[in-house]
Amino acid sequence: MPLLFQLQLVVLNLYSSRVTCNKMPPKSLPKPYFFYGPRKPSQNRPVVHGGLFSNRQILKTPQKPPPPSPPFDLRKWDPHHLSQNPSPPSIPNPHRNPKLSPIARFILDAFRKSHYSWGPPVVFELNKLRRVTASLVAEVLKVQNDPVLASKFFHWAGKQKGFKHNFASYNALAYCLNRNGRFRAADQLPELMDSQGKPPTEKQFEILIRMHADKNRGQRVYYVYQKMKNFGIKPRVFLYNRIMDALVKTGYIDLALSVYEDFRGDGLVEESISFMILIKGLCKAGRIEEMLEVLERMREKVCKPDVFAYTAMIRILVSEGNLDGSLRVWNEMQRDGVEPDVVAYVTLVAGLCKGGRVQKGFELFREMKKKGILIDRATYGVLIEGFVKDGKVGSACDLLKDLIDSGYRADLGIYNSLIEGLCNSRLVDRAYKLFQVTVQEGLEPEFATVNPMLVAFAETRRMDDFCKLLEQMKKLGFSVIDDLSEFFSFLVGKEERIVMAIQVFNELKVKGYSSVPVYNILMEALSKAGRVKQALSLFQEMKDLNFKPDSSTYSIAIICYVEDEDIKEACVCHNKIIEMSCILFIDAYYSLAKGLCKIGEIDAAMMLVRDCLGNVTNGPMAFKYSLTILHACKSGAEKVLEVLNEMMQEGFPPENIICSAIISGMCKYGTIEEARKVFANLRTRKLLTEANTIVYDEILIEHMEKKAADLVLSGLKFFGLESKLKSKGSTLLSG
């Protein structure tokens with residue numbers, strides 16, 4: 001009789017006899033079991049393996065339900081949120097990884113209790129273990145994210161009695177160090193293995209090379225390769241390819257070629273991928289002759305490249321702008337009898353059109369049609385754009401007709417190119433008809449569609465048609481005021497069109513097409529062109545028409561007023577910006593500071609310098625050196641001259657603001673003699689003219705007298721002598 005059946009009979013007899021003796025209602029008793037587990041279930045050993053009948057159970061850690069997430073709103077989604085707010089590095093939790101063994105959980109728990117720092121408490125806990133195996137060390141290192149703690153644990157394990165690291169533990173340490181940015185330390189593992197009587201194999205070097213290649217560290221790949229040779233290990237073909245590919249992708253083509261020479265010297269046979277890695281790298285570097293030599297060697301030793309290989313070469317050369325090289329590769333493809341496919345044609349045609357060789361691209365286009373290759377709309381679009389840039393609008397229109405006859409529907413980009421080409425050829429009426437076709441086909445025109453027509457109407461003074469187009473734009477849902485701002489920005493991009501822009505604006509503002517941004521654009525253009533009076537007249541006109549200037553308007557006005565030597569009005573505009581709680585343009589800060597220095601208001605200028613550097617991200621270098629000079633004045637003229645020498649070495653000669661900073665600093669911390677010593681040095685080195693030296697000396701004396709007077713007045717007020725002086729009829733303090 002089987003053993004299992006006998007045991008079941010014994011259990012049933014015991015159970016029936018107990019029921020008959022008690023004569024009580026049957027109770028729900030726990031099912032008996034035979035227990036063979038080493039101990040009761042616990043948190044560190046949740047699974048108990050029993051015998052035939054067992055109460056195997058798992059103590060589950062109670063988990064709180066995750067908080068409900070708010071409903072997703074696409075309008076509030078920020079795609080840059082994750083890159084701006086990276087999550088903190090995760091700390092390994094032994095209970096989150098169910099694949100860890102109980103002893104590995106115990107070790108990680110010991111690390112956690114010691115706050116992930118190595119010390120006597122950790123060693124005390126680890127010494128409780130009877131034995132440590134290399135596989136256990138590897139298991140712990142795979143989930144450890146603290147490289148220092150991992151290295152300490154690895155070293156501790158190596159000192160245990162009878163313990164020896166194996167390849168798995170060394171590899172796990174390498175991965176741990178690389179994962180946490182200690183790749184240089186990981187590169188030293190081969191020496192560590194050799195010193196511990198475990199010479200590294202090709203696999204260890206392959207791991208290091210792969211880690212560096214994945215992070216685009218080409219020089220480290222070559223460093224590991226050289227170390228591999230020093231250990232007398234020859235890579236296989238696969239690893240050689242991996243090394244060359246990493247070097248090519250990171251731009252070290254010469255190092256890749258030297259590795260290839262070692263490849264050949266080892267007597268290994270190249271694969272097609274070996275040649276293609278070098279060919280792509282040489283194409284990217286523009287070394288066509290060397291590429292053709294490698295290509296010829298590939299034909300001799302392996303095979304001829306297929307159409308995919310040739311297309312890859314052409315794509316790389318086109319992306320680098322090497323059209324001559326791409327045509328030579330095309331000729332090599334035809335020489336090998338490889339039939340180009342549609343991708344090869346499209347790649348070369350697009351490159352030729354964008355590189356200004358549209359006629360050659362059109363020849364290939366006709367060759368495609370002759371062979372019956374399906375041509376997509378993008379190829380038509382590239383050719384049309386190329387013809388428009390080349391001034392051949394008629395050929396572009398013929399291609400549009402061919403496109404429609406082929407059953408395609410032109411997209412908005414094609415229509416935009418044709419409209420721009422027609423307008424450049426003074427065929428604005430045909431461009432307007434094409435615009436109407438665009439609207440009829442249900443396409444949504446954009447500003448790039450209408451801007452060439454607006455410019456053409458403005459140049460030919462057809463303002464009625466200009467306004468008619470604006471009305472149609474309004475019906476189509478354009479934001480006309482915003483688009484007019486873009487139009488005027490485009491128009492004043494060339495200085496010779498500023499006058500035309502002013503004339504167009506004068507006619508448009510009568511019809512209500514004016515705004516603060518347009519005024520700002522025109523004022524800024526006039527200011528840069530040196531027409532300050534005209535810019536200020538626009539500023540006054542803007543205020544007369546009850547437009548509310550913004551901070552940009554006032555910043556431009558500050559620059560204009562300083563150029564017009566009206567510093568008082570410039571300061572009024574500065575105060576308006578401050579009242580608006582806004583910040584000036586950097587050019588406005590610089591211009592106003594120079595103006596204040598010019599009239600001797602040095603203290604106000606230095607306050608403006610500090611205000612600028614406190615509000616903007618990157619202020620003018622003159623402002624930065626001004627504060628440095630103010631601080632250097634505490635140490636005397638020699639220190640100031642050192643700062644000036646450094647400034648001139650950086651390409652910033654001393655100017656008005658710098659000289660004013662010298663005057664301010666010396667009047668506050670030094671003497672007149674120290675300041676004159678600095679100016680005399682600049683005069684000797686011909687960095688200041690004699691006239692400017694005299695002017696700065698007068699400003700220095702005046703500023704020092706002003707500082708002395710301020711100190712006297714402050715002393716009188718401090719000692720309470722102000723009232724006595726006034727009672728005696730003194731007018732010293734009335735100002």
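## The lining of the largest cavity

Sorted by class, the lining of the largest cavity consists of seven nonpolar, two polar and no charged residues, where Ala, Val, Leu, Ile, Met, Phe, Trp, Tyr, Cys and Pro count as nonpolar, Asp, Glu, Lys and Arg as charged, and the others, Gly among them, as polar. The model is predicted, with pLDDT of at least 70 required for local features and 80 or more for side-chain atom pairs, while totals for chains, interfaces and linings use all residues. Residues are numbered from 1 along each chain as its sequence is written, and side-chain values use heavy atoms, with hydrogens and water left out.

The residues lining this largest cavity are Tyr170, Asn171, Ala174, Leu189, Pro190, Met193, Gln204, Ile207 and Leu208. Two or more lining residues come from each of helix H7 (167-179), helix H9 (189-195) and helix H10 (202-214). A cavity is a set of points, on a 1 Å grid over the protein atoms alone, where a 1.4 Å probe fits but cannot get out, and its lining residues have an atom within 4 Å of a point. The largest cavity holds about 60 Å³ of space, and the count of cavities of 30 Å³ or more comes to one; grid points are joined across faces, edges and corners, and a volume is the space filled by probe spheres set on the points.

## The chain as a whole

The protein chain has 39 helices and zero strands, both taken as DSSP runs numbered from the N terminus (helices H or I, at least four residues; strands E, at least two). Of its 735 residues, 42% count as buried, a term for a relative accessible area under 20%, with exposed meaning over 50% and partly exposed in between (1.4 Å probe, protein chains only). Among contacts (heavy atoms within 4.5 Å) between residues at least 6 apart in sequence, 59% join residues at least 24 apart.

The buried residues of H31 are Ile567, Ala570, Cys573, His574 and Ile577. These residues cover an arc of only 115° around the axis, so they lie on the same side of H31, the arc being that of the directions from the helix axis to the C-beta atoms. What covers them includes helix H29 (532-544), H30, H32 and helix H33 (602-615), whereas the face turned away from the buried side carries the exposed residues Lys568 and Glu579.

After H31 comes serine 581, with a positive phi near 60°. Most residues other than glycine have a negative phi.

Threonine 553 lies in helix H30 and is buried, since its relative accessible area is 0%. Leaving aside residues up to four places away in sequence, threonine 553 touches Val516, Asn520, Met523, Phe539 and Met542.

Helix H30 (551-563) and H32 each supply at least two residues of the lining of the second largest pocket, a pocket being an open set of points with protein on both sides within 12 Å along at least five of seven lines. About 290 Å³ of space lies in this second largest pocket. Of its 14 lining residues, Val562, Glu563, Ser591, Lys594 and Gly595 are the closest to its centre. H32 gives the largest share of the lining, six residues, and by class the lining has five nonpolar, four polar and five charged residues.

## Helix H37

Ala675, Val678, Phe679 and Leu682 are the buried residues of H37. These four lie on the same side of H37, because they cover an arc of only 90° around the axis, while Glu673 and Thr684 are exposed on the other side. Just after H37, lysine 686 takes a positive phi of about 60°.

## Two further residues

Histidine 115, a residue other than glycine, has a positive phi near 60°. Histidine 115 sits in the loop between helix H3 (102-113) and helix H4 (120-126), and counts as exposed because its relative accessibility is 68%.

Glutamate 646 has its place in helix H35 (residues 637-649) and is partly exposed, with a relative accessible area of 44%. The C-alpha atoms of glutamate 646 and tyrosine 625 are separated by 9.7 Å, and the two residues are 21 residues apart along the chain.
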